[in-house]
Amino acid sequence: MSNPPQSRYLPPTVERAIPALRRVGHICRWAQGVLGLIATFSFLFAVFVAASGKPEGVASPESGLSGFLAIASLAALGIGFFWSSRYIALSRQLANPEARPKKSETLLLIERGLIINLVGMLFSLLAAETIAGFLMAKAALSSGVTFSDLAQKTLIQPVDVLVLLANTQTLVAHFTGLVASLWLLRWLNKS
């Protein structure tokens, strides 16, 4: 019997980690990418509709603090998308004995992905709170069905709800990244 060449030998834990990192990286990247694109286009659509179709003085949830927090959450989602691609690259590095990182380096990379998604989820939750508060204030100020200029300023518009929906999609994308990172940490610490 001949032994495999030393350069092709992989420890059993590394052999199990490679497909797990690759699979979770692909799932996370696709989920975050699709949800992030939908959320980004929804938010941009809401901004352009609000800028072109609303009369002067009408407040909207995509501006101010809620808009800033939503954009910060989308930016963190972009970083999280890049980070899930690093899981795939890490699986390739693990297959190469010369470039294989230590287990501690691998765990640190996953922990950073976890922190990125936690920060993004924090921004998204804060944005959801400000958007929901804004919509609640608008609902509280609306009084029946009237067609005056003042009534138009206080009614909840469909574009206002679209902003909330876009933020919710961002929140789900960050949750996907959190679940993926936590699963990888648990799985790699177990092996």
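How many salt bridges does a search of the whole structure find? Please walk me through that part and what else goes with the helices involved.

Analyst: Keep in mind that this is a predicted model. Searching the whole structure turns up one salt bridge. It pairs the side chains of Asp-160 and Lys-138, at 2.8 Å from N to O. Asp-160 sits in helix H5 (residues 158-190) and Lys-138 in helix H3 (residues 103-141), so the pair ties together parts that are 22 residues apart in sequence. As for why two such groups would meet, side chains of opposite charge can pair when their charged atoms come close. Are the two partners buried or exposed? Both Asp-160 and Lys-138 are buried.

Now follow H5 to the cavity. H5 gives the largest share of its lining, four residues, while H1, helix H2 (64-95) and H5 each supply at least two. The residues around this cavity are Ala-39, Phe-43, Ala-70, Leu-74, Val-163, Ala-166, Asn-167 and Thr-170. Sorted by class, that lining has six nonpolar and two polar residues, with no charged ones.

Together with Leu-37, Phe-41 and Leu-44, Phe-48 makes a nonpolar surface patch of about 450 Å².

Key
Residues numbered from 1 in each chain as written. Predicted model: local features only at pLDDT ≥ 70, side-chain atom pairs only at ≥ 80, totals over all residues. Heavy atoms only, no water. Patch = residues over 30% accessible without salt bridge, like charges linked within 9 Å, V, L, I, M, F, W, Y side chains within 5 Å. Areas by Shrake-Rupley, 256 points an atom, 1.4 Å probe, with all protein chains shown as cover. Salt bridge = Lys/Arg side-chain N within 4 Å of Asp/Glu carboxyl O. Buried < 20%, exposed > 50% of the residue type's maximum accessible area, 1.4 Å probe, protein only. 1 Å grid on protein atoms, 1.4 Å probe; cavity = no way out; pocket = protein on both sides within 12 Å on 5 of 7 lines; lining within 4 Å. Nonpolar A, V, L, I, M, F, W, Y, C, P; charged D, E, K, R; others polar.
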